[in-house]
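Here are my notes on the structure below.

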Amino acid sequence: QSIGFAAFNCPDLMYVAFTGDAPQIAEKAFVNNDINFTILYKIGSSGFTNPWNGYRTVQTDDLNIELPGIVKNRTLKMLSNARVKISWGALNGADGYDVFCKKGTSDDYELVKNTTDTDFIDENLEIGMDYNYAVSAYILINGVKVYDSVVEFGDITILPEAPTYVKVEQIAKDELRISWDAVLGADGYII
């Protein structure tokens with residue numbers, strides 16, 4: 001049996017379920033789908049491997065799965081000392097969440113945290129750099145993650161802190177000296 005279609009550019013396509021044996025399929029028939037795209041197949045089906053034709057697969061006895069939904073109530077906040085906190089509301093049925101980040105002009109997200117919590121603090125970020133965070137909830141089927149859609153939190157640029165311990169001293173009748181502690185990552189100061 002062969003598949004007479006291909007699913008291209010379906011960013012919301014999270015999984016495909018096959019009810020029988022593995023069909024003959026062209027390499028990369030499901031292109032430009034969600035980064036966590038998964039193929040589910042019934043226990044007892046033959047011809048599937050993991051990965052199968054380049055796709056992550058999960059063997060299950062029940063193809064009627066319910067994904068937990070997309071994360072909501074998202075917040076993105078810059079903290080002191082080049083740190084960012086993201087948080088989201090808990091989802092019933094989620095076994096966990098994967099947090100992804102892309103940096104600067106990169107088009108690719110990297111996994112930065114797997115958690116059961118509903119917040120994440122990213123530390124030691126680069127001053128002046130843009131970061132974009134995304135989170136996906138997942139369920140576990142036979143120990144393998146099956147994801148719901150990845151939700152982006154938006155871009156945030158890491159700014160230097162404001163100077164601290166600012167002192168103004170009069171050193172002559174018409175002359176002042178202003179000093180402050182150096183700011184990590186600052187290229188200069190505007191007075």
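1. Start with a cut-off. A residue is called buried when its relative accessible area is under 20%, exposed when over 50%, and partly exposed in between. By that rule Asp98 is buried, because its relative accessible area is 1%.

2. Keep in mind that this is a predicted model. The mean pLDDT over the chain is 84, and 87% of the residues reach at least 70. Strand E10 (residues 119-122) has the highest mean, 97. Strand E1 (residues 7-8) has the lowest, 56. Residues 1-5 fall below 50, and this stretch makes 9 contacts in the model beyond near neighbours in sequence. Please read that end with care.

3. How many salt bridges does a search of the whole structure find? The count is 3. Side chains of opposite charge can pair when their charged atoms come close.

4. Asp98 pairs with Lys145, with 3.2 Å between the closest N and O atoms. The two residues come from distant parts of the chain: Asp98 belongs to strand E8 (residues 96-103) and Lys145 to strand E12 (residues 144-147), 47 residues apart. Lys145 has 22%, so it counts as partly exposed.

5. Glu126 and Lys103 form a salt bridge through their side chains, at 3.2 Å from N to O. This pair also links distant parts of the chain. Glu126 lies in the loop between E10 and strand E11 (130-141), whereas Lys103 is in strand E8, 23 residues apart. Glu126 is partly exposed because its relative accessible area is 39%. Lys103 is at 39% and therefore counts as partly exposed.

6. The pair Asp119 and Lys85 has an N to O distance of 3.9 Å. A salt bridge requires these atoms to lie within 4 Å. Asp119 sits in strand E10 and Lys85 in strand E7 (residues 83-87), distant parts of the chain that are 34 residues apart. At 33% relative accessibility, Asp119 is partly exposed. Lys85, at 30%, is partly exposed.

7. Look next at Thr115 in strand E9 (residues 110-115). Thr115 counts as buried because its relative accessibility is 6%. The Thr115 side chain comes to 2.8 Å from the backbone nitrogen of Asp117. Leaving out residues up to four places away in sequence, Thr115 touches Trp88, Gly96, Tyr97 and Val99.

8. Leu67 deserves a check in the viewer. Leu67 is in the loop between strand E5 (56-60) and strand E6 (75-79). Which residues does Leu67 contact, its neighbours within four places in sequence aside? They are Met14, Tyr15, Ile139, Val146, Tyr147 and Asp148. Leu67 and Ala137 are 70 residues apart in sequence, yet their C-alpha atoms are 8.3 Å apart in space.

9. Finally, the surface. Val166, Val168, Leu176, Ile178 and Ile191 make a nonpolar patch of about 530 Å². One of these residues, Val166, is located in the loop between strand E13 (151-157) and strand E14 (167-172). Val166 has 51% relative accessibility and so counts as exposed; the cut-off is over 50%.

Key:
Residues numbered from 1 in each chain as written. Predicted model: local features only at pLDDT ≥ 70, side-chain atom pairs only at ≥ 80, totals over all residues. Heavy atoms only, no water. Patch = residues over 30% accessible without salt bridge, like charges linked within 9 Å, V, L, I, M, F, W, Y side chains within 5 Å. Areas by Shrake-Rupley, 256 points an atom, 1.4 Å probe, with all protein chains shown as cover. Helix = DSSP H or I, 4+ residues; strand = E, 2+ residues; numbered from the N terminus. Buried < 20%, exposed > 50% of the residue type's maximum accessible area, 1.4 Å probe, protein only. Contact = heavy atoms within 4.5 Å. pLDDT = per-residue confidence, 0-100. Polar contact = N/O pair within 3.5 Å; in protein donor to acceptor, adjacent residues only side chain to side chain.
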